[in-house]
Amino acid sequence: METIIEVNNVSKAFKDKKAVDGVSIQVEKGSIVALLGPNGAGKTTTMLMMLGLLKPTSGSIKLFGQEPGSTAASQRIGAMLQEVSVMDRLKVKELIELFRSYYPNPADTDYLKRVSGLQDRDMNRYAEKLSGGQKRSLSYALALSGDPDLLFFDEPTVGLDITARREFWKNVKELAASGKTILFSTHYLQEADDVAHRIILFNQGKLVADGTPQEIKSRLLKRSVSFIPLMPEQELNLKLNEMDFADNHMQVDGRVVLTTDNTDHVLESIFRHQWKVRDIQIDSGSLDEAFEQLTVHEKESIL
Ligand SMILES: Nc1ncnc2c1ncn2[C@@H]1O[C@H](COP(=O)(O)OP(=O)(O)OP(=O)(O)O)[C@@H](O)[C@H]1O
């Protein structure tokens with residue numbers, strides 16, 4: 001596997017505020033990686049350092065083995081950042097041609113039009129006259145204009161309607177399947193889960209989890225086993241206190257609910273010790289709730 005991005009113990013401080021704190025990341029060719037985290041977690045700052053637009057306070061970053069910001073690295077990357085700022089007094093087609101001219105092997109203009117959803121009529125409009133959604137389409141076309149090997153998208157779907165969002169991710173998956181590497185930031189676990197091969201979870205400048213969506217979800221998700229008890233209160237309490245595999249238990253609407261990492265162990269224990277219960281159910285907690293809880297706890301790590 002070819003390593004495309006290498007981030008080694010990088011920190012970034014703004015005055016006395018540590019925006020990014022000791023982050024290390026390696027990204028392999030052809031992967032789609034989500035930087036996930038709440039507002040202010042350090043995702044954009046990390047991305048700007050990878051792009052060479054901000055210098056780390058400490059640590060090092062390499063793209064394709066080169067310094068971020070170097071010509072060798074810049075010619076192989078494209079980016080769509082949160083702030084869509086386009087040059088005034090240039091028409092859409094002029095901007096696209098200008099960007100294409102920066103790269104040794106630019107993408108075909110018709111391809112850029114097609115994947116970005118820009119219409120023929122948009123090509124002769126001044127960029128500053130475009131709607132918010134159209135500016136984003138232009139920004140996407142510009143990010144792809146150099147046919148880059150590595151793409152950065154900072155919250156790319158904010159403001160897009162459902163159809164545009166679906167189209168965007170379909171195209172991103174095709175890009176990855178053709179060998180491009182994609183890094184995007186998002187606030188939404190669901191979006192990261194739907195699209196990314198790997199999720200890197202940020203909180204308060206730190207990397208708090210890194211794994212496949214399945215791994216991240218199984219770490220975030222607490223499951224529960226619940227049942228209606230058919231034994232006296234005293235016996236039930238005794239049994240609950242002896243149960244090793246549950247993190248905690250509570251009673252809700254006549255049901256006993258045991259929260260656990262391992263429902264198999266809890267079930268096995270219930271059957272082995274012949275608990276008198278009925279209507280056993282297994283449930284998953286809400287992913288969004290778990291994610292929210294994880295990211296509000298300062299410095300908590302699930303690595
Ligand atoms: N230029 C700057 N000067 C001072 N502080 C900054 C600067 N840029 C970012 N920060 C601070 O660094 C922290 C991380 O910000 P960053 O924009 O990287 O987070 P984020 O995860 O991208 O958040 P969001 O999802 O809201 O974009 C925040 O506390 C932010 O206020």
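Biologist: Which residue in β9 is the bridge partner of L201?

Modeller: This is a predicted model, in which local features need pLDDT of at least 70 and side-chain atom pairs count only at pLDDT 80 or more, while totals for chains, interfaces and linings use all residues. Residues are numbered from 1 along each chain as its sequence is written. Strand β8 (residues 198-203) pairs with strand β9 (residues 206-211) in the antiparallel sense over five bridges; strands are DSSP runs of E with at least two residues, helices are runs of H or I with at least four, both numbered from the N terminus, and two strands pair if DSSP finds at least two bridges between them. Across that pairing, the partner of L201 in β9 is A209.

Biologist: Which residue takes a positive phi in the hairpin of β8 and β9?

Modeller: Look at the turn, where two residues lie between the strands. A positive phi near 50° is found there at Q204.

Biologist: What does the twist average from one strand to the next in the sheet β2-β1-β4?

Modeller: This is an open sheet of three strands with antiparallel pairing. Its edge strands, β2 (17-28) and β4 (58-63), each pair on one side only. Angles run from 0 to 180 degrees between N-to-C directions, with axes fitted as lines to C-alpha atoms, for helices over the stretch in contact. From one strand to the next, the twist averages 15°.

Biologist: Helix α1 packs on that sheet, so to speak, but what angle does its direction make with that of β1?

Modeller: Start with the strands: eight bridges hold β1 (residues 3-14) and β2 in an antiparallel pair, and E6 stands opposite Q26 in β2. Helix α1 (residues 43-50) touches β1, β2 and β4, where contact requires C-beta atoms, placed from the backbone, within 7 Å. Relative to β1, the direction of α1 makes about 120°.

Biologist: Which helix gives the most to the shell around the ligand?

Modeller: The ligand is surrounded by F14, K17, A19, G37, N39, G40, A41, G42, K43, T44, T45 and H187, where near means a C-beta atom, placed from the backbone, within 6 Å. That shell has three nonpolar, seven polar and two charged residues, with Ala, Val, Leu, Ile, Met, Phe, Trp, Tyr, Cys and Pro counted as nonpolar, Asp, Glu, Lys and Arg as charged, and the others, Gly among them, as polar. β2 and α1 each supply at least two residues of the shell. With three residues, the top contributor is α1.

Biologist: How many degrees does the twist average in the sheet β11-β12-β10-β13?

Modeller: Here four strands form an open sheet with antiparallel pairing. β11 (248-252) and β13 (277-284) are the edge strands, each pairing on one side only. The average twist from one strand to the next is 25°.

Biologist: Which helix lies across β10, β12 and β13?

Modeller: β10 (residues 223-229) and β13 run antiparallel, joined by six bridges, with V225 opposite I282 in β13. Lying across β10, β12 (255-260) and β13, and running at about 25° to β10, is helix α11.

Biologist: Is the crossing of α3 and α6 left-handed or right-handed?

Modeller: The axes of helix α3 (residues 92-101) and α6 come within 9 Å and cross at roughly 25°. That makes α3 roughly parallel to α6; angles under 35 degrees count as roughly parallel, over 145 as roughly antiparallel, 65 to 115 as roughly perpendicular and the rest as oblique. A crossing is left-handed if the near helix is turned anticlockwise from the far one by less than a right angle, and right-handed if clockwise. By that convention, the crossing of α3 and α6 is right-handed.

Biologist: How many nonpolar residues has the contact of α3 with α6?

Modeller: V92, L95, I96 and F99 in α3 meet L138, A141 and L142 in α6. None of the residues is polar or charged, and the nonpolar count is seven.

Note on methods: Two residues are in contact if their C-beta atoms, placed from the backbone, lie within 7 Å.
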